[in-house]
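Subject: Structure handover

Hello,

Here is the structure I said I would pass on. My notes follow below it.

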Amino acid sequence: GRLQLNLSCASFFQLNRPQAYQLYQKAASLIKPCTTLVEAYSGIGGISLMLKDKAKTIIGIESIQEAVDNANENARLNQADHVRFVCGDAAKEMKKISRKRKIDAVVVDPPRIGLDGAMIESLRQCQPEQIVYISCNPETQARDMEYLTKQGYKAEGVWPFDLFPFTEHVETVCLMSRKDK
């Protein structure tokens, strides 16, 4: 799109940029405007920056310092002063953030292994109204969605994206909302 993104060798970014753009646009279309949005596993900040018009404050969490440095540089490049990135464990950092402010929406894009128990617990404690779950592994996503359903969420829809044509791999975007909303 209109974003400028810089990345270093240690940072991750989708190789199929046209499809990644479609995926990020879908994620952005699902988020309702809110006050605070957190993106876990944010990498260089591409998704957070696509969502920059959706929240007053956006905080990305990434465990690789070099990617966090890229993400903060990318926020400056894209005049997104209300978007910032922190380095650390996603579950621990999200708990820290939730002690200071209410988290309205969370976007997660975990590695193939999906969300670990600590992240599921962090989501349970934070109770965001919306969770957009982006996954490169539909099996672990389905497992995690089952856990989240038990924690009071319902799936509103799942959309597949073929970032690797002629392979069995597919990325999916899922919107989960609080059942009580």
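Which residues form a positive surface patch? The patch is made up of Arg84, Arg99, Lys100 and Arg101.

Before the rest, some ground rules. This is a predicted model, in which local features need pLDDT of at least 70 and side-chain atom pairs count only at pLDDT 80 or more, while totals for chains, interfaces and linings use all residues. Residues are numbered from 1 along each chain as its sequence is written, and side-chain values use heavy atoms, with hydrogens and water left out.

A patch takes residues with over 30% relative accessible area and no salt bridge, joining like charges within 9 Å and nonpolar side chains (Val, Leu, Ile, Met, Phe, Trp, Tyr) within 5 Å. Here a salt bridge is a side-chain nitrogen of Lys or Arg within 4 Å of a carboxyl oxygen of Asp or Glu. Lys and Arg count as positive, and the charge is placed at NZ of Lys or CZ of Arg. Accessible areas come from the Shrake-Rupley method with a 1.4 Å probe.

Arg84 belongs to strand E3, residues 83–87 (helices, H or I, of at least four residues and strands, E, of at least two are DSSP runs, numbered from the N terminus). Arg84 counts as partly exposed because its relative accessibility is 41% (buried is under 20%, exposed over 50%, partly exposed in between).

Next, the cysteines. A disulfide is a covalent bond between the sulfur atoms of two cysteines. With the cut-off set at sulfur atoms within 2.5 Å, the whole structure has zero disulfides. Cys34 is in none, and the nearest cysteine sulfur, that of Cys126, is 13 Å away. Cys34 is buried, at 16% relative accessibility. Cys136 is buried too, at 17%. Its closest cysteine sulfur is in Cys174, 15 Å away, so the two are too far apart for a bond.

Most residues other than glycine have a negative phi. Gln127, though not a glycine, has a positive phi of about 50°. Gln127 sits in the loop between helix H5 (117–126) and strand E5 (130–135), and is partly exposed at 42%. Phe166 also has a positive phi, near 65°. Phe166 is in the loop between strand E6 (153–161) and E7, and at 87% relative accessibility it counts as exposed.

Last, Lys179 lies in the segment after strand E7 (171–178). Lys179 and Arg2 are 177 residues apart in sequence and 35 Å apart in space, C-alpha to C-alpha.

Regards

Definitions and conventions
Buried < 20%, exposed > 50% of the residue type's maximum accessible area, 1.4 Å probe, protein only.
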